[in-house]
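Please consult the sequence and structure shown here alongside the notes.

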Amino acid sequence: MFISEKGEKNMRIAVTYENGKVFQHFGHTEQFKLYDCENDKVIKEQIVDTNGQGHGALSEFLGKAGVDILICGGIGSGAQSALSEAGIQLYGGVSGNADNVIKAYLEGNLTFDPNVQCDHHEHHHEDGHSCGEDKHGCKGK
């Protein structure tokens, strides 16, 4: 986020995105919806493809896109560290309609999990579910 000479707050927010909703697994997201905001109002929206870049490259992708804030569902600790190093503020553990989530954030009402973790990557559990099912907080695919 930066403040212009006129005192306007400008920021770019990225949301992991699929079919209008917050996608639940950062490292597997195929799209981000980017919101350019000025003085707590969305002035531009766009959907960008990640081209299947995977965990490590996504924080670099977001940094190059000028993202200040990431809102997502599940995210692993390695990706969290990479985002922190890139200066991107994280709001994880979020679900629902992406546009509604942005509205809640801008109004100061976003519900998120500051301790979000997703340590289960594409493996199967004894109870028969695989990572991606809504069983243990990692709702990704």
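**Core packing and aromatic pairs**

Leaving aside residues up to four places away in sequence, I71 touches I13, A14, V15, T16, Y91, V94, V101, I102, Y105 and L110, a contact being heavy atoms within 4.5 Å. The model is predicted: local features need pLDDT of at least 70 and side-chain atom pairs count only at pLDDT 80 or more, while totals for chains, interfaces and linings use all residues. Residues are numbered from 1 along each chain as its sequence is written, and side-chain values use heavy atoms, with hydrogens and water left out.

**Nonpolar cores**

- A nonpolar core is a set of buried Ala, Val, Leu, Ile, Met, Phe, Trp, Tyr and Cys residues joined through side-chain atoms within 4.5 Å; buried means under 20% relative accessible area, exposed over 50%, and partly exposed in between (1.4 Å probe, protein chains only).
- The largest nonpolar core has 17 residues, of which I13, I71 and Y105 touch the most other members.
- Two or more residues of this core come from each of β2, β4, β6 and α3; helices (H or I, at least four residues) and strands (E, at least two) are DSSP runs, numbered from the N terminus.
- With five residues, α3 gives the most to this core.
- V67, A79, I88 and V116 are among the 16 residues of a second, separate core.

**Helix α3**

- Helix α3 spans residues 98-106, and its buried residues are A98, V101, I102, A104, Y105 and L106.
- These buried residues pack against β2 (9-18), β3 (21-22), β4 (31-38), β5 (41-49), β6 (69-71) and β7 (89-91).
- At the start of α3, the backbone nitrogen of D99 has a side-chain oxygen of N97 within 2.9 Å.
- G108, which follows α3, has a positive phi, near 80°.

**Aromatic pairs**

- Four aromatic pairs are present; rings of Phe, Tyr and Trp (its six-membered ring) pair if their centres lie within 6.5 Å, and planes under 30 degrees apart count as stacked, over 60 as edge-to-face and the rest as tilted.
- F32 and F61 are stacked, because their ring centres are 5.9 Å apart and their planes are at 20°.
- F32 belongs to strand β4 and F61 to helix α1 (residues 54-64), so this pair ties together parts 29 residues apart in sequence.
- F32 counts as buried at 0% relative accessibility, and F61 counts as buried at 19%.
- Y91 and F112 form an edge-to-face pair, 4.7 Å centre to centre with 80° between the planes.
- This pair links Y91 in strand β7 with F112 in the segment after α3, 21 residues apart.
- Y91 is buried at a relative accessible area of 12%, whereas F112 is partly exposed at 34%.
- One aromatic cluster is formed by F26, F32 and F61.

Conventions. Polar contact = N/O pair within 3.5 Å; in protein donor to acceptor, adjacent residues only side chain to side chain.
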